[in-house]
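Thanks for coming, everyone. Please have a look at it first.

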Amino acid sequence: MKEMKLGSFEETLMLLVGILDKEAYAFKIGEEYEAQSKKPVSIGAVHSTLNRLSKKGFLSSEMGLPTAERGGRRKRIYKITAEGQRALEQSRDFRLSLWNQFPAFSGRKFKLS
Amino acid sequence: MSKNYPPKWAEKILLTFLKEELAEEVLGDLDEKFYSMVSRYSLRRAQRNYWFQVFNYMRPFAFKYFKSFPISTLMFRHNFKVGLRVLLKNKVFSLINIGGLALGMTVVLLIGLWIHDELSFNKNHENYDRIVQVLRKDKEDGMVEVNSSHVGQLGIYLSDNYPNLFEEVTMTFYRNNPRLLTVENQTFDQIGYFFRPNAPEMLSLKMIAGTWDGISEPNGILISESLAQKFFGKENPMGQAIKMNSSAIFTVNGIFEDLPVNSTFGDATYFASMDRIYDDENPYTWTNFNMKVYGQLKPGVDIANASAAIKDVLTENRDPNQDPMDLLLLPMKDWHLNDYFQDGAQVTSKRMQFVKLYGIIGLFVLILACINFINLNTARYQNRAKEVGVRKTLGSLRSHLIGQFLAESILYALAAFCISILAVQFILPWFNGISDKDITFPWNNVWLWAMGLGFTLTTALVAGTYPALFLSGFNPLKALRGTIGQGKLNTRFRQSLVVFQFTISIILIIGTLTVFKQIQHAKDRPMGYNQDRLITVRGFSDDYYEKYDLLRAELKKTGVVEEMAEANYPLMNTLGNNDDFRLPESSKSMNVSFNTIYVTPEYGKTTKWELTQGRDFSRELGDETSSIIVSELAVKKMGLENPIGQQILANRAFNGHKEFTIIGVVRDMIKGNPFEEPVPLMVFSNQRSKGFLFIRMKPDVSFASAIPKIKEAFVGVLPTHPFSYDFVDEEYAAKFRAEERIGSLATFFSILAILISCLGLFGLSAYMAEKRTKEIGIRKVLGASVMNLWQLLSKDFSILVFIACLIAIPLSAYFLNGWLQSYEYRIPIYWWIYALGAVFCFAVTLCTVSYHSLKVSLANPVDSLRME
């Protein structure tokens with residue numbers, strides 16, 4: 001049975017992949033994570049997670065163009081697949097439905113898509 | 001600046017454990033991280049961070065030996081892309097390559113379908129495994145003869161006394177003539193079977209309407225779907241009346257789905273009940289061998305045991321003074337392909353030989369096609385050598401190169417397979433025509449596709465392995481420098497393949513010519529009578545037998561009929577054999593079996609037999625019942641010097657007499673198998689009507705005008721008798737059908753073999769000519785004529801074909817001699833057929849090779865020499 005749930009780190013990375021679009025490769029994703037969450041992360045950890053998400057079918061990847069600062073090496077660009085998109089939406093909807101049931105927030109309905 | 005590089009050691013450590021396919025992206029990311037760290041913080045911090053990053057890559061997914069099998073389609077795609085480019089770059093070569101392979105595959109597919117059809121004969125019957133035919137062994141002239149004709153009572157006896165062996169026993173008539181079926185005013189000549197009522201169930205007929213019990217009442221008849229369509233169209237056929245042979249009336253009690261053509265009863269358009277003919281008043285006998293007996297064994301009964309159990313039944317129940325006849329059972333799976341016995345033992349039948357022969361031919365044609373493929377690929381090795389050199393220099397492993405070449409060959413084979421499937425679609429109707437089959441392409445047969453693809457891949461591997469191994473083995477340095485020589489071994493290999501191809505082609509050509517010569521030989525043989533403009537009508541109604549004179553007078557009155565006669569047997573067989581005759585000076589009967597027929601006095605004038613001595617029968621002389629006319633062979637067999645006036649005695653009465661006088665001798669008449677020796681003929685005459693009517697039309701009238709007039713006269717005399725006729729020459733031509741089929745198929749195969757061989761040769765010669773362009777240019781500059789050059793280029797191939805001839809001629813002589821031995825009336829081994837085969841092959845080779853050699857020879861040497 002394939003794991004369809006997204007972990008918190010996984011979800012964050014997926015969103016970052018979406019945000020970075022054409023620039024979504026391990027190094028850039030790691031940088032962006034550090035910049036937005038103010039927490040350090042190793043590229044290895046990011047790469048390993050991206051690899052796992054690819055195997056689950058949430059991400060696809062292909063080799064991009066080489067640049068000079070990489071010593072002329074190519075980078076692997078990640079993209080969210082339709083399945084990944086669905087997993088993200090599910091995760092968000094689950095959170096939102098929980099928030100909406102939370103009495104402290106009653107009256108402040110969050111809209112479900 | 002050197003310090004600005006990421007720490008070397010860290011990188012090295014990373015590469016020791018990191019998966020190769022990840023190295024590029026990971027190193028790139030780390031470099032980028034490093035430089036961004038350098039620009040933001042200190043070099044030391046960047047270096048520390050690099051180490052940190054490297055250690056953080058020690059995760060399972062990144063480890064080398066932690067196998068996760070990356071499915072890299074990249075290499076496949078690359079291989080196929082290059083393969084496709086090579087294919088498109090050399091269009092002519094690719095066309096020859098794929099075309100040749102496609103031809104080969106088409107032949108193999110067709111032969112495969114044909115063999116499958118032969119092997120699945122009768123498999124439509126549900127009880128296929130348990131149905132048997134009862135045969136008997138007779139001793140004749142010291143030889144054991146296996147026959148299928150039986151006495152009717154045998155079937156009844158087996159079914160009554162062996163219920164533990166047989167679930168059902170059924171019988172049908174041994175000789176099954178077509179019968180005339182009439183509904184209202186439509187009459188058709190139809191083949192059908194009279195069976196005991198249990199047959200439809202045993203044969204598991206697929207009923208569209210009615211049930212298997214439809215013939216349990218004697219007047220019931222089951223008709224095929226197509227016959228129902230023919231007679232009744234959209235009307236409901238059930239319960240309708242059908243008249244058979246203008247006397248018996250049957251009621252349609254069921255409609256069955258037409259049996260497939262490849263089954264023993266595939267020609268059945270109806271099934272009717274034996275009970276209609278045999279009942280308590282007219283029982284089955286132990287004396288008349290006019291039936292075939294079939295049985296269905298009980299489940300679990302072993303055929304050999306059952307055979308042994310019933311072996312003596314016939315002998316025990318017949319007159320004890322008669323020779324014993326052993327019974328045996330032939331399972332349904334052997335009916336079609338293994339029904340041939342010699343001296344009582346089952347031997348390979350002609351059909352089975354053909355199945356094997358065609359199988360072998362198919363295999364050979366495929367081999368020819370593969371050889372082309374190998375030849376063309378290895379011949380082009382110099383063009384590919386540079387490519388191999390470059391690839392190897394760039395780090396390609398030998399296995400990669402083998403993969404590359406195999407991918408190309410798979411690409412070619414798949415293309416060929418697709419083409420051949422299309423080709424088979426187009427050829428099948430025609431192929432069915434010449435092979436007398438009803439094969440359809442089984443689109444939804446999984447096995448076909450599995451086998452087809454399996455065999456495409458096998459072909460690709462067989463054809464691609466040699467070039468792949470050969471080409472991938474080059475030393476890159478030599479390959480790039482272009483110093484890889486001709487390679488004696490490689491040339492020899494290629495030459496022997498060409499010789500092999502042409503050997504097979506020549507054998508096939510000679511075989512085809514021989515088959516046709518043999519058929520023509522039999523067609524041209526003197527027949528002893530004239531078949532042209534002769535039609536035959538079967539007569540059976542009661543009034544027919546009373547109106548001979550009237551019918552003859554009326555027919556002659558039409559002005560289109562030259563003469564008319566009747567006989568008790570048709571002209572197309574040698575039935576009616578008797579050996580009870582002796583010469584007056586001897587008390588022992590002659591050991592000669594005569595074909596004895598009864599005719600009306602006009603028989604000779606109608607058939608135009610060739611009288612060599614004596615005189616013909618004559619109506620004016622009254623009933624000549626004690627006169628006989630014999631054939632030349634009969635005279636020879638009896639050892640008579642002066643046959644005319646010779647007395648012949650019979651042990652029992654023929655034509656009402658026991659003493660006869662020969663009044664005439666005729667040339668031997670070929671009535672039976674045209675490939676066999678004639679049989680000694682003895683003709684009796686009387687003026688009574690007989691079952692087979694012959695009408696000779698006058699030479700100057702057209703069939704179109706004569707037939708209606710004859711029909712009018714016939715129907716005028718016999719209003720209830722259907723007028724259904726056959727042309728004697730057409731019936732005779734039908735006897736050649738089996739041989740002609742072999743001939744057409746042999747032609748088909750040899751044309752293909754030649755075509756494939758020529759395609760290969762064309763490709764090879766193109767390549768050779770191209771390689772020697774410069775040499776030719778220099779020779780031309782030095783004064784060689786076009787003729788000289790043409791000779792030079794054609795010589796190589798001619799020698800190969802010559803060697804092929806040397807091998808093929810004795811081989812084919814050996815095989816064909818064996819084949820011809822199976823015919824009594826045959827051609828000798830004509831040397832000119834062999835010469836013709838060889839010359840034809842030479843001519844074809846020269847034409848093929850000449851295209852390229854002339855092209856090169858005629859070219860302006862400036863063009864070829866200017867290139868460098």
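Start with B:Val365. Setting aside neighbours within four places in sequence, B:Val365 is in contact with B:Gly104, B:Val107, B:Val108, B:Phe749, B:Leu752, B:Ala753 and B:Ile756. Keep in mind that this is a predicted model.

Now zoom out from there. Which residues touch the most other members of the largest nonpolar core? They are B:Leu101, B:Val365, B:Ala369, B:Ile506, B:Phe749 and B:Ala753, in a core of 89 residues. Helix 22 of chain B, residues 737-771, gives the most to this core, with 15 residues. There is also a second, separate core of 53 residues. Among its members are B:Val134, B:Phe166, B:Phe194 and B:Ile221.

Next, the helix pairs. Take helix 11 of chain B, residues 350-379, against helix 22 of chain B. Their axes come within 9 Å and cross at roughly 5°. Parallel or perpendicular? Helix 11 and helix 22 of chain B are therefore roughly parallel to each other, as the angle is under 35 degrees. On the helix 11 side, the residues that meet helix 22 include B:Val365, B:Leu368, B:Ala369 and B:Asn372. On the helix 22 side, they include B:Phe749, B:Leu752, B:Ala753, B:Ile756 and B:Gly760. By class, this contact has 14 nonpolar, five polar and no charged residues.

The second pair looks like this. Helix 5 of chain B, residues 91-119, and helix 13 of chain B, residues 398-435, have axes that come within 7 Å and cross at roughly 45°. That makes helix 5 of chain B oblique to helix 13 of chain B. The crossing is right-handed. Helix 5 of chain B brings residues including B:Leu101, B:Met105, B:Leu109 and B:Trp114. Helix 13 of chain B answers with residues including B:Phe417, B:Ile419, B:Val424 and B:Phe431. The class count for this contact is 17 nonpolar, four polar and no charged residues.

One residue by way of contrast: B:Ser496. Its place is in helix 16 of chain B, residues 488-524. Buried or partly exposed? B:Ser496 is partly exposed, because 13 other C-beta atoms lie within 10 Å. Its C-alpha atom is separated by 8.1 Å from that of B:Leu800, which is 304 residues away along the chain.

Now whole chains. Chain B has 26 helices and 28 strands. Of its 868 residues, 37% count as buried. Take the contacts in chain B with a separation of 6 or more: residues 24 or more positions apart account for 81% of them.

Chain A has four helices and two strands. Along the sequence, the pattern is α-α-α-β-β-α. Buried residues make up 28% of its 113 residues. For chain A, residues 24 or more positions apart account for 41% of the contacts with a separation of 6 or more.

Last, where the chains meet.

Note on methods:
Residues are numbered from 1 along each chain as its sequence is written. Chains are lettered from A and ligands numbered from 1 in the order in which they are written. This is a predicted model: local features need pLDDT of at least 70, side-chain atom pairs count only at pLDDT 80 or more; totals for chains, interfaces and linings use all residues. Axes are lines fitted to C-alpha atoms, for helices over the stretch in contact, and angles run from 0 to 180 degrees between N-to-C directions. Angles under 35 degrees count as roughly parallel, over 145 as roughly antiparallel, 65 to 115 as roughly perpendicular and the rest as oblique. A crossing is left-handed if the near helix is turned anticlockwise from the far one by less than a right angle, and right-handed if clockwise. Two residues are in contact if their C-beta atoms, placed from the backbone, lie within 7 Å. Ala, Val, Leu, Ile, Met, Phe, Trp, Tyr, Cys and Pro count as nonpolar, Asp, Glu, Lys and Arg as charged, and the others, Gly among them, as polar. A nonpolar core is a set of buried Ala, Val, Leu, Ile, Met, Phe, Trp, Tyr and Cys residues joined through C-beta atoms within 7 Å. A residue is buried if 20 or more other C-beta atoms lie within 10 Å of its own, exposed if 12 or fewer, and partly exposed in between; C-beta atoms are placed from the backbone.
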